[in-house]
Amino acid sequence: MVINLSEQHSLISNWVSELRNVDVQNDRMRFRRNLERIAEVIGYEISKKMEWEEKEITTPLGISTSRVLKQQPVLATILRAGLAMHNGLLNYFDKADNAFISAYRKHNPDGSFDISLEYMSCPEIEGRVLIISDPMIATGSSLVKSIQYLKEEGTIKELHIVCAIACTVGIEYVKREVPKATIWCGDIDDEITAKGYIVPGLGDAGDLAFGAKLQG
């Protein structure tokens with residue numbers, strides 16, 4: 001399932017427009033905050049689909065029966081670009097366990113690239129809901145490889161993918177490789193360059209959020 005929230009949330013559409021806007025996106029704090037806010041809204045939408053249970057809560061004046069999450073999710077992100085969206089999800093799922101993966105494009109002289117995975121920190125994920133965030137789904141290669149890496153640690157009960165902008169090519173690849181995942185997008189673009197960059201997209205989310213890097 002693919003959900004494009006710009007089609008139903010005017011606030012998300014507004015935040016995505018600021019992420020794309022060259023006159024706005026150079027404000028790194030605002031760029032990070034917009035990614036964070038998109039993730040917060042998506043986290044809220046995901047929470048509607050999660051299992052809950054009734055629990056008796058003692059108040060100063062009596063007992064209240066409340067609905068609470070039956071199980072906390074695992075929040076995963078791909079370093080470094082995913083940190084702002086991860087923080088947005090963590091603002092809402094503030095008791096969640098967390099996983100972090102280092103995945104990046106290692107460029108070759110001919111212009112092609114390989115996905116390099118060098119680090120993962122992961123809690124127990126067997127039978128749990130996993131929510132993984134990455135601002136951009138371009139080719140989908142790094143995302144799929146990261147999910148496959150996580151699956152080696154246990155069987156995931158339910159998988160949600162959170163991104164700001166996705167490309168149709170990347171979405172189709174993710175759907176083929178991870179067919180049971182739900183993909184939540186701030187917006188969807190149709191074009192991708194030969195080097196794997198989304199058009200119109202927004203540029204390099206990691207650089208815009210945290211500054212330019214030496215590694216290309």
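Q148 sits in helix α4, which covers residues 141–151. Helices here are DSSP runs of H or I with at least four residues, strands are runs of E with at least two, and both are numbered from the N terminus. This is a predicted model, in which local features need pLDDT of at least 70, side-chain atom pairs count only at pLDDT 80 or more, and totals for chains, interfaces and linings use all residues. Residues are numbered from 1 along each chain as its sequence is written, and side-chain values use heavy atoms, with hydrogens and water left out.

How accessible is Q148? Its relative accessibility is 40%, so Q148 counts as partly exposed. Buried means under 20% relative accessible area, exposed means over 50%, and partly exposed lies in between (1.4 Å probe, protein chains only). Now step along the chain. Q148 and V178 are 30 residues apart in sequence, and their C-alpha atoms are separated by 8.9 Å.

Next comes the surface. L79, L83, Y119 and F210 form a nonpolar patch there, with about 320 Å² of accessible area together. Patch residues have over 30% relative accessible area and no salt bridge, and nonpolar side chains are joined within 5 Å, like charges within 9 Å. A salt bridge is a side-chain nitrogen of Lys or Arg within 4 Å of a carboxyl oxygen of Asp or Glu. Y119 belongs to strand β6, residues 113–121. Y119 is partly exposed, because its relative accessible area is 43%.

A cis peptide bond joins L79 to R80, with omega about -5 degrees. R80 is in the loop between β4 (74–79) and α3 (83–92). Another cis bond links V199 and P200, with omega about 0 degrees. P200 lies in the loop between β12 (198–199) and α6 (205–210). Most peptide bonds are trans.

Last, go to strand β1, residues 2–4, which holds N4. Is N4 buried or exposed? N4 is buried, because its relative accessible area is 11%. N4 and N26 are 22 residues apart along the chain, with 25 Å between their C-alpha atoms.

Definitions and conventions
Areas by Shrake-Rupley, 256 points an atom, 1.4 Å probe, with all protein chains shown as cover.
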